[in-house]
Amino acid sequence: MILRSVIMVVVVVGILSSASQALRFELQSGHTKCISEDIKSNSMTVGKYHVVNPNEAYPLPDSLKFAVRVTSPQGNSLHTAEKVETGQFAFTAAEDGDYMACFWAEDHSPQIIMTVDFDWRSGVQAKDWSNVAKKGQVDVMELELKKLYDTVTSIHEEMFYLREREEEMQALNQATTSKMFWLSFLSLFLCLSVAGIQFWHLKTFFEKKKLI
C-alpha cells in the first residue's frame, strides 16, 4: 500500500513537472495566438516569453517583435506589452478559471513567421527553488523533501478543486436534464393539443357537411 502511494506520488510529480516545460509555437504576422491555463485562486503564476533569433550572429530585427496581453477569466488585463521581443509577468490568481495569454504580431508584407518560446508556470512550479535553497541554506535532500511536500500539498488542493468543479458540473447537468424534461413534456402537450384541435375541427366540418 505504501509502495503504491509512493509510485502514485512519483507519477503525479512527473506529470506536474512535464506540464511546466516551455512551449514553443510559431506566430505569423497579422495573426493572434492565445494560450489558456486553468489556475486556482490564490495560486502564484509566472510566465516568461521571448522570440527565438533565427540568426544568432545578428541582432533581432524590429520586424520580429510582437505584443502580448494576459487576462483573467473575467477579462481583466493582468499584463500587457507591445513591440517586445522578450518579457515576463507574475501575479497571484484572484479567482478560479481559465487565464488567457494572447500573442499577436503586426501585419507585415511579405508575411513573417516568428518562433516564440513561452514558459508558463503556476502553483509549485512557479516557486523559485534556487532562492529557497540559498535563503534556507538547506542541503539537496532537504530541498527535495520541501519540493515533494509542496507538490503533495498542491495535489491535495487540486483534488479538492477538481471535486468542486465536478460538483458544479453535476449540478449543471441535473439542471439541464430537468429543463429538457419539462421542454419535452411541453412539446408533447402542444402536439397533442394541436392534434386534438385538428380532430375537433375536422369532425365539426364533416358534421356540417352531413358526411358523418
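Mentor: What follows sets computed values against their cut-offs. This is a predicted model, where local features need pLDDT of at least 70, side-chain atom pairs count only at pLDDT 80 or more, and totals for chains, interfaces and linings use all residues. Residues are numbered from 1 along each chain as its sequence is written, and side-chain values use heavy atoms, with hydrogens and water left out.

Trainee: How many aromatic pairs does a search of the whole structure find?

Mentor: The search gives 12 aromatic pairs.

Trainee: What makes F89 and W120 an aromatic pair, and why is it called edge-to-face?

Mentor: Rings of Phe, Tyr and Trp (its six-membered ring) pair if their centres lie within 6.5 Å; planes under 30 degrees apart count as stacked, over 60 as edge-to-face and the rest as tilted. The centres of F89 and W120 are 5.9 Å apart and their planes stand at 85°, so the pair is edge-to-face.

Trainee: Where in the chain do F89 and W120 sit?

Mentor: F89 is in strand β6 (residues 86-92) and W120 in strand β8 (residues 113-122), 31 residues apart. Strands are DSSP runs (E, at least two residues), numbered from the N terminus.

Trainee: Why is F89 called buried?

Mentor: Buried means under 20% relative accessible area (1.4 Å probe, protein chains only). F89 has 7%, so F89 counts as buried; W120, at 7%, is buried as well.

Trainee: What makes F103 and F118 edge-to-face?

Mentor: Their centres are 5.1 Å apart, with 70° between the planes. F103 lies in strand β7 (residues 97-104) and F118 in strand β8, so the pair ties together parts 15 residues apart in sequence. F103 is buried at 0%, and F118 is buried at 2%.

Notes. Helices (H or I, at least four residues) and strands (E, at least two) are DSSP runs, numbered from the N terminus. Buried means under 20% relative accessible area, exposed over 50%, partly exposed in between (1.4 Å probe, protein chains only).
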